[in-house]
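I opened this model to look up a few things, and I am keeping my notes here in the order I made them. Please have the viewer open and follow along.

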Amino acid sequence: MKPKKISQEQVIKKYFIAHPNISVEHKDCVPWMMKEYRDKTGQVFADPDRGIRKLHQEGFLVKENKGVYKYDPNMVETRHLEDFTPAQKKEIFKKDGYKCVMCGKGEAEGVQLYADHIKPKDLGGEAKISNGQTLCGQHNWLKKNLKQTETGKKMYIHLYELAKDEKNEEVLKFCTEILEVYEKNDMNGHIVWKK
């Protein structure tokens, strides 16, 4: 029997359309999607999680919590998401010195770089050089999954802990001031900073 042509996006949509208005965790739907795609195409569905996130960004799915999505036919909207062109990506990398703006690592250290939207695409972020930054794979993943302010807070908490261990008063003072700004503005309170 010849495998049918079906896209990974179609498989994800098929699952959610068959389960409308139900909150679904990745762990409950991804195995089915992987099997369905393999059965239909004979190929491996490499990253269903990314496909689910993309459908959320485009307005097809509602994100209810981390890793929990719902298809509500009454809430579907189509959003135009702007991607950077290859020329824009090169310009962003050049602007940032071909290094991750978070950790300073680049291709010289064997790190793959990504052109990231500072204001996310799904929040209306445009594909402009001024809205682009260079991130390594790890920080790109963190930002996509934790949002930029959460990523920043976690980074400063980590730096604070290192400075405390090394008894580096200058860095400790710097991190304390930044983390107090988070507290003063009641930002990301779910990420706990232990003084």
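I began with disulfides, counting a pair of cysteine sulfur atoms within 2.5 Å as one, and found zero in the structure. A disulfide is a covalent bond between the sulfur atoms of two cysteines. I then checked Cys-136: its sulfur lies 3.8 Å from the closest cysteine sulfur, in Cys-100, which is too far for a bond.

A note on provenance: this is a predicted model, where local features need pLDDT of at least 70 and side-chain atom pairs count only at pLDDT 80 or more, while totals for chains, interfaces and linings use all residues. Residues are numbered from 1 along each chain as its sequence is written, and side-chain values use heavy atoms, with hydrogens and water left out.

Next I looked at burial, where buried means under 20% relative accessible area, exposed means over 50%, and partly exposed is in between (1.4 Å probe, protein chains only). Cys-136 is buried at 4% relative accessibility, and Cys-29 is buried with a relative accessible area of 1%.

Helices (H or I, at least four residues) and strands (E, at least two) are DSSP runs, numbered from the N terminus.

Leaving out residues up to four places away in sequence, Leu-61 touches Phe-16, Ile-52, Leu-55, His-56, Tyr-69, Lys-70 and Tyr-71.

Then I turned to the strands, which pair if DSSP finds at least two bridges between them. Three strands make an open sheet in the order S1-S3-S2, with antiparallel pairing. Strand S1 (24-25) and strand S2 (62-65) are at the edges with a single partner strand each, so one side of each has no neighbour in the sheet. S2 is joined to strand S3 (residues 68-70) by three bridges, and Val-62 has Lys-70 as its bridge partner in S3.

Where does S5 sit, enclosed or open? Five of its five residues are buried, so S5 is largely enclosed by the rest of the structure. Gly-132, Thr-134 and Cys-136 cover one face and Gln-133 and Leu-135 the other, and these are all buried. Strand S4 (residues 113-117) is mostly covered, with four of its five residues buried. Five bridges join S4 to strand S5 (residues 132-136) in an antiparallel run. Ala-115 stands opposite Thr-134, and Asp-116 has Gln-133 as its bridge partner.

Last, I looked up backbone angles. Asn-21 is not a glycine, yet its phi is positive, near 55 degrees. Asn-21 sits in the loop between H1 and S1 and is partly exposed, at 46% relative accessible area. Tyr-98 also has a positive phi near 55 degrees. Tyr-98 lies in the loop between helix H4 (86-95) and S4, and at 43% relative accessibility Tyr-98 is partly exposed.

Conventions: Contact = heavy atoms within 4.5 Å.
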